[in-house]
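The structure comes first, then the points by topic.

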Amino acid sequence: MTPSPSPSPGSVPPAAPVAPAASDESTARAEPVDSLILHATDNGVSWLTLNRPDAMNAVTWDQRERLIGRLADASADPGVRAVVLTATGKGFCAGADLRGSPPAGERVAGDVARMIRDGAQRLITAVLDCEKPVIAAVNGTAAGLGAHLALACDLVLAAESARFIEVFVRRGLVPDGGGAYLLPRLIGPQRAKELLFFGDALPAAEAERLGLVNRVVPDGELAKTAREWAERLAAGPTRALALTKQLVNASLDTDRTAAFAAEATAQEINMTTADAQEGVASFVARRHPAFHGR
C-alpha cells in the first residue's frame, strides 16, 4: 500500500467513532491500487470497499479511477446485479485526497473547472449512471466528497456511529462532487443550505430523519443488513430496476411531458426482457417469479 498522505482541505481529521470493517469478502490483490479498492462478487453482488483507513478513506486519484472502472464493469457484467459501496476502519470517506493526483504544470484559467469535471463529478456520475442498484453502507464519517459519494447511491444504510459533514464551508470552499445538486433534491433547498452554510456534523439518526439515509442500524449489523438488501435486489428483475433508476433520476430534472414519454419508452424496452415475461407468467400461474437479470 502506498503511504497515507494527509487528507485534503475537504476532509476531516480521524475523530469518528469506531465502525465495523465493511466486509470479509475481499482479500489482498496483486496490483497496489487493488489493495486500496477491495473488490469481490458474491451471489450477484459486487462489493466495493474503500481501504485507506489510516487516511479516513480519503480518495486518491488512482482510487477514484479504479472505482469509476469498477462501477462501469458492474453495469456491463450480467453476473453483477447489485453493488455495495462501503469502507474499512473508522471512516466511510473523508473526501478527496489530491496528493495522489498526477503532477500538473502551471495553473491557468479553466484548470480548476476541468479538474472538478474530470474528477469529483465523474465519480458521482459513475454512481448515478451505474445500471445496477448501488447501496452505500456508511460505516463512519462521510465528509465532503465522501458524503456526496454516499448520497449519490440509490439506497443509503448508515451505522449508528456514522455522520455526514459538508466540510467545504469550513475551508472557505464551494461544494463539489454534485453536493449542491444532490442535497436540494433529497431534502429541499432550505435544509440543503443549512447543511452547506454551517458545515455542522450530522449524526446518522438525524440524517435518517431528514431523508438522507434510508435506514440506521447498529454498527455491528451494517454489513449484514447491506448483504440482505443487496441480495434481495440481486434476486430482482435487474433490467427493470435499471430502467426504474433512470426514470426516477431523470424525473428530478424534467417536466411531466418528458417524464411520461420516458416512462412509456422504458415500459416498451422492459417488456422485451425475459424477466418481464417471467413476471407476467408467474402472476398468471400464481407462483413466485424466478428472475435471472435478463
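How many nonpolar, polar and charged residues does the lining of the second largest pocket have? By class, that lining has 18 nonpolar, 5 polar and 7 charged residues. Here Ala, Val, Leu, Ile, Met, Phe, Trp, Tyr, Cys and Pro count as nonpolar, Asp, Glu, Lys and Arg as charged, and the others, Gly among them, as polar.

The model is predicted, with local features needing pLDDT of at least 70 and side-chain atom pairs counting only at pLDDT 80 or more, while totals for chains, interfaces and linings use all residues. Residues are numbered from 1 along each chain as its sequence is written, and side-chain values use heavy atoms, with hydrogens and water left out.

**Overall fold**

- The chain has 11 helices and 10 strands, taken as DSSP runs (H or I, at least four residues, for helices; E, at least two, for strands) and numbered from the N terminus.
- Of the 294 residues of the chain, 45% count as buried; buried means under 20% relative accessible area, exposed over 50%, and partly exposed in between (1.4 Å probe, protein chains only).
- Among contacts (heavy atoms within 4.5 Å) with a separation of 6 or more, 72% are between residues 24 or more positions apart.

**Second largest pocket**

- The volume of the second largest pocket is about 740 Å³.
- A pocket is an open set of points on a 1 Å grid over the protein atoms alone, where a 1.4 Å probe fits, with protein on both sides within 12 Å along at least five of seven lines.
- Grid points are joined across faces, edges and corners, and the volume is the space filled by probe spheres set on the points.
- The lining (residues with an atom within 4 Å of a point) comprises 30 residues, of which C153, D154, K245, V248 and N249 lie nearest the pocket centre.
- Two or more lining residues come from each of helix 3 (120–129), strand 7 (155–159), helix 5 (179–187) and helix 9 (238–251).
- Helix 9 gives the most to this lining, with 7 residues.
- Domain 1 (35–97 + 112–235) and domain 2 (238–285) each supply at least three lining residues; the domain bounds come from an automatic or database domain assignment.

**Salt bridges**

- The whole structure holds 13 salt bridges, each a side-chain nitrogen of Lys or Arg within 4 Å of a carboxyl oxygen of Asp or Glu.
- R227 pairs with D42 at 3.0 Å, N to O.
- R227 lies in helix 8 (residues 222–234) and D42 in strand 1 (residues 37–42), so this pair ties together parts 185 residues apart in sequence.
- Both partners are partly exposed, R227 at 22% relative accessibility and D42 at 25%.
- R64 forms a salt bridge with E65, with the closest N and O atoms 2.8 Å apart; R64 is buried at 14%, whereas E65 is partly exposed at 25%.
- R114 and D111 meet at 2.8 Å, N to O, and both lie in helix 2 (residues 111–118), 3 residues or about one turn apart.
- R114 is partly exposed at 38%, as is D111 at 23%.
- Salt bridges with shared partners join D42, R227 and E231 into one network.

**Surroundings of V216**

- V216 sits in strand 10 (residues 215–217).
- Leaving aside residues up to four places away in sequence, V216 touches A158, A159, E160, A204, A205 and E208.
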